[in-house]
Amino acid sequence: MSEPHSSDKAEDAPVVLRVTDLVKHYTSAAGTVHAVDGVSLQIHRGEVLGLVGESGCGKSSLGRAIVGLEETDSGEVELDGTVLTGMSRRQLRPHRRHVQMVFQDPFGSLNPRKTVETLLTEPFQVHGIGSRAQRREWVAELLLKVGLRAEHAERFPHQFSGGQRQRISIARAIALKPRLIVCDEAVSALDVSVQAQILNLLRRLQRETGIAYLFISHDLGVVGFLAGRIAVMYLGHIVEIGTKATLLQSPRHPYTQVLFSSIPGHKSTQAWSGRISIVGEPPSPLNPPPGCRFHTRCPLAEERCRSEPPALRTVADGHRVACHLA
Amino acid sequence: MSPPNSSPTADVVLQVRGLTTVFETPASTVVAVNDVSFSVARGQTLAVVGESGSGKSVLAYSVTRLLSPPGRILAGEINLGGRDLSKLDESSLRAIRGRDLAIIFQEPSTSLNPLMTVGEQVLEAITEHQPETTRAQAMQSVIERFRLVGIPAPEQRVLEYPHQLSGGMRQRVMIAMALACGPSLLLADEPTTALDVTVQAQVLNLIDDVKARLGMAVILITHDLGIVADHADRVLVMYAGRFVEELDARSLASAEHPYTRALLACRPDVTHDLEDKPLIEIPGTVPALDRLPTGCAFMDRCERRQDICRQSVPPMLNIRPGHRAACFMASAPVAETNR
């Protein structure tokens with residue numbers, strides 16, 4: 001299956017993932033961290049949604065909640081029309097195969113004692129798919145698909161470079177032909193020359209198979225390469241979401257403008273660069289400010305921004321912003 | 001940003017010649033920095049760019065003489081303010097570090113003492129090099145420096161411990177400490193790699209600002225060519241322990257070395273996919289330093305390689321004034337240099 005990808009097409013495609021009012025708080029002795037605070041979004045079949053924000057904004061917590069690695073406090077995660085939140089582990093198991101995750105650190109996610117063959121066979125075993133001979137064949141196919149060789153199956157993770165290990169993680173993620181892969185900083189640990197290889201691989205797989213990605217990264221360049229739409233997160237909230245072209249050419253939220261104009265080497269290329277600058281750093285998610293959470297750093301903030309949280313409202317087709325002034 | 005210095009001999013702050021650093025173990029000797037020469041002038045920012053394993057951090061540790069065994073400087077000169085750092089003993093070096101030479105690392109928390117307030121630590125740096133200063137004067141000077149580097153409420157911040165500050169604030173403290181004695185050279189090794197992008201921009205702008213104000217020379221070690229374009233005057237590209245190209249930061253687009261060109265091309269740009277083209281890839285990975293091919297170290301990944309590349313290591317050749325590249329295939333080399 002190979003369908004040409006464009007953001008318009010993706011909008012018409014059926015919804016793979018629907019997240020509604022998702023809340024994830026962490027409670028510790030120091031207080032409650034508002035990691036994800038009422039997030040709603042959709043991803044269509046074969047679409048790449050980029051999720052950007054600075055550390056502590058909740059983007060990883062959101063990703064982990066979507067794949068079921070974190071229990072949520074409230075809200076819904078719906079995959080292909082099935083609501084996963086609230087299911088027991090047993091109920092969840094058959095649905096798990098449809099959503100996979102690729103992490104930043106392939107060291108941490110690949111068991112060092114297992115051969116690549118074992119690592120790639122596991123998903124089939126867990127779900128009881130295929131005979132031994134079939135699985136072996138599929139492993140070889142998977143390795144080729146991610147740019148490795150069939151004989152790599154006998155090796156252990158430490159015998160590979162960082163880029164190759166990330167290829168193995170990707171092979172594992174695509175083994176069961178999921179509908180959605182959540183990529184959490186999947187290329188952030190790689191050198192730029194290797195990063196390009198993995199980005200091209202992820203894009204090729206996505207176009208060949210029609211998998212959707214939620215692509216989480218702090219690196220806007222990387223997100224911009226893969227994503228058709230981009231969501232910007234700040235302290236547990238989505239503050240702006242729209243197509244890449246819209247966000248690049250006419251970002252409405254002051255934080256989006258700041259974020260994009262902070263990209264190194266990008267100063268002169270954007271018409272809106274230099275239009276806005278901020279000081280300070282994101283406040284602690286332990287005690288998010290009242291009203292608009294960005295108001296403490298926003299040069300445009302007015303009285304109501306300090307008390308009244310702005311809703312995420314539609315400003316144009318497919319473009320939503322949470323700012324009183326946008 | 002100051003204009004690139006057209007005559008490198010004027011106002012040269014640091015001159016490094018033929019620096020070679022090795023790591024010696026009973027099993028092997030690895031050359032991590034291989035015969036590199038460069039200089040940096042007052043008011044100039046020189047960026048040293050490379051991927052992991054390029055030797056850029058070993059270069060930083062060598063120049064500042066912070067290298068620990070099994071690393072060792074095998075050869076070369078490191079001239080700073082008329083003295084060759086490669087020949088000095090530890091006590092002379094300590095006097096120079098902090099006073100003439102300031103250093104900032106990627107992770108400020110590893111360079112700060114967790115048991116001491118940040119004010120006290122910067123104060124120590126000042127009094128060590130200016131013993132005649134009274135404590136009250138020195139603390140006043142710390143507060144002023146905190147203000148200079150954009151730390152809000154400096155009177156309170158000096159009383160806090162490193163863990164009470166954010167990463168960005170800690171890096172500002174490091175910069176305040178680095179600048180305590182008005183050094184002539186600031187060496188910053190990946191100073192913003194651990195920081196968020198909006199904070200990164202603030203810290204890099206701060207470094208530019210104090211450079212201009214104090215007339216320092218800056219060596220900025222980074223893996224990010226975007227940072228280079230925005231904040232450097234000159235660029236040195238490192239690969240497998242050697243310099244492969246040196247040029248004006250503004251001329252990056254006319255880089256000649258295939259590695260530099262590929263590095264520029266494989267970097268995803270946020271606007272890239274509007275054209276819907278795949279990224280340029282560099283096949284393979286950076287070779288391990290103990291398994292370098294003979295000849296050019298980039299050869300196995302290079303699409304322009306010829307037989308000659310296999311036979312000998314290409315020397316740095318002048319492409320045009322201020323632009324050198326170590327590639328046999330670079331266009332129109334005019335003469336060999338030996339700066």
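Helix H1 of chain B is largely enclosed by the rest of the structure, because eight of its eight residues are buried (20 or more other C-beta atoms, placed from the backbone, within 10 Å of the residue's own). The buried residues of H1(B) are Lys56(B), Ser57(B), Val58(B), Leu59(B), Ala60(B), Tyr61(B), Ser62(B) and Val63(B). The model is predicted: local features need pLDDT of at least 70, side-chain atom pairs count only at pLDDT 80 or more, and totals for chains, interfaces and linings use all residues. Residues are numbered from 1 along each chain as its sequence is written, while chains are lettered from A and ligands numbered from 1 in the order in which they are written.

Helices (H or I, at least four residues) and strands (E, at least two) are DSSP runs, numbered from the N terminus. Chain B holds an open sheet of four strands in the order E2-E1-E4-E5, with antiparallel pairing; two strands pair if DSSP finds at least two bridges between them. Strands E2 (29-41) and E5 (83-84) of chain B form the edges, each pairing on one side only. Between E1 (residues 12-24) and E4 (residues 71-80) of chain B there are eight bridges, and Leu14(B) has Leu80(B) as its bridge partner in E4(B).

Just after H1(B), Arg65(B) adopts a positive phi of about 60°.

Contacts between the chains involve 33 residues of chain A and 36 residues of chain B, a contact requiring C-beta atoms, placed from the backbone, within 7 Å. Helix H8(A) supplies the largest share of the side of chain A that touches chain B, eight residues.

Note on methods: Buried ≥ 20, exposed ≤ 12 C-beta atoms within 10 Å, placed from the backbone. Contact = placed C-beta atoms within 7 Å.
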